[in-house]
Amino acid sequence: MAAISINQLTRQTGSRMGLSSTQIGAIGENLLINALMKASEGRLSPFQPLADDDGLDVLFFDKVTGNSVAIQLKCRTVSIRKKGSDERGNSVHFQVRQSTYREARKAYLVAALFDEGLTTFEAMWFLPMEMLPEIALDISGKYVIRPSKAPGSNDKYVPFRCLSALELAHRIIDICEN
């Protein structure tokens with residue numbers, strides 16, 4: 001069977017589908033996992049569950065310490081629209097289902113904003129899951145955070161912001177070492 005391009009398919013079907021939020025999440029998660037392996041120079045080894053029914057997307061095993069960090073990943077490609085406008089602002093919306101939250105479990109949330117082409121990170125946040133009830137909004141059974149991607153932001157999420165995959169890898173390694 002001959003390969004067919006997206007443009008050919010669009011002409012044949014008359015429509016072009018965009019990526020679903022699930023597909024964006026899967027692509028973003030894989031890009032982030034790969035970036036962390038590379039940034040840690042192979043020190044962090046990812047393990048993903050066969051069934052993601054507990055809200056944890058990846059376990060990073062530190063080959064040096066033998067410790068690991070459980071992480072829930074949330075990825076987005078756009079920020080929230082400004083009120084009453086089609087223009088995008090600086091706030092990014094991430095949500096975690098409360099049903100996957102476990103107070104006693106030591107786990108972390110990585111919230112990442114990618115460019116719309118899913119090629120580079122615009123901003124990342126690394127938060128202990130145990131802090132979600134105190135720093136997130138409680139909306140319809142979900143913990144919602146809306147950090148600002150603005151470089152000069154002074155919101156409550158600034159301490160959790162990572163400026164690069166290297167910084168995020170170092171934070172994960174620090175947890176494994178302590």
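Leu32 touches Leu73, Val110, Ala112, Phe114, Phe121, Met124 and Leu168, leaving out residues up to four places away in sequence; contact means heavy atoms within 4.5 Å. The model is predicted, so local features need pLDDT of at least 70 and side-chain atom pairs count only at pLDDT 80 or more, while totals for chains, interfaces and linings use all residues. Residues are numbered from 1 along each chain as its sequence is written, and side-chain values use heavy atoms, without hydrogens and water.

**Overall layout**

- The chain has four helices and nine strands, taken as DSSP runs (H or I, at least four residues, for helices; E, at least two, for strands) and numbered from the N terminus.
- Along the sequence the pattern reads α-α-β-β-β-β-β-β-α-β-β-β-α.
- Of the 178 residues, 39% count as buried (buried is under 20% relative accessible area, exposed over 50%, partly exposed in between, with a 1.4 Å probe and protein chains only).
- Among contacts with a separation of 6 or more, 52% come from residues 24 or more positions apart.

**Nonpolar cores**

- A nonpolar core is a set of buried Ala, Val, Leu, Ile, Met, Phe, Trp, Tyr and Cys residues joined through side-chain atoms within 4.5 Å.
- The largest core has 24 residues, of which Leu32, Phe60, Ile71, Phe126, Leu168 and Ile172 touch the most other members.
- Two or more residues of this core come from each of helix H2 (21-39), strand S2 (58-62), strand S3 (68-76), strand S5 (107-114), strand S6 (121-128) and H4.
- H4 gives the largest share of this core, five residues.
- A second, separate core has 21 residues, including Val92, Ala107, Ala111 and Leu113.

**Helix H4**

- H4 covers residues 165-177, and its 13 residues should span 18 Å at 1.5 Å a residue; the end C-alpha atoms are 18 Å apart, which agrees (the expected span is 1.5 Å times one less than the number of residues).
- Its buried residues are Ala165, Leu168, Ala169, Ile172, Ile173 and Cys176.
- Seen down the axis, these buried residues fall within an arc of 135 degrees, so they line one face of H4; the arc is that of the directions from the helix axis to the C-beta atoms.

**Aromatic pairs**

- The whole structure holds three aromatic pairs (ring centres of Phe, Tyr and Trp, its six-membered ring, within 6.5 Å; planes under 30 degrees apart are stacked, over 60 edge-to-face, the rest tilted).
- Tyr108 and Phe126 are stacked, at 4.9 Å centre to centre with 15 degrees between the planes.
- Tyr108 is in strand S5 and Phe126 in strand S6, so this pair ties together parts 18 residues apart in sequence.
- Tyr108 is buried at 10% relative accessible area, and Phe126 is buried at 5%.
- Phe114 and Phe121 have ring centres 4.7 Å apart and planes at 40 degrees, so the pair is tilted.
- Phe114 is buried at 1% relative accessible area, whereas Phe121 is partly exposed at 26%.

- Thr77 sits in the loop between S3 and strand S4 (94-97) and is buried, with a relative accessible area of 15%.
- Beyond its neighbours within four places in sequence, Thr77 is in contact with Ile24, Leu113, Phe114, Asp115, Glu116 and Leu118.
- S4 and strand S8 (residues 142-145) run antiparallel and are joined by four bridges; strands pair if DSSP finds at least two bridges between them.
- Tyr143 of S8 is the bridge partner of Val96.
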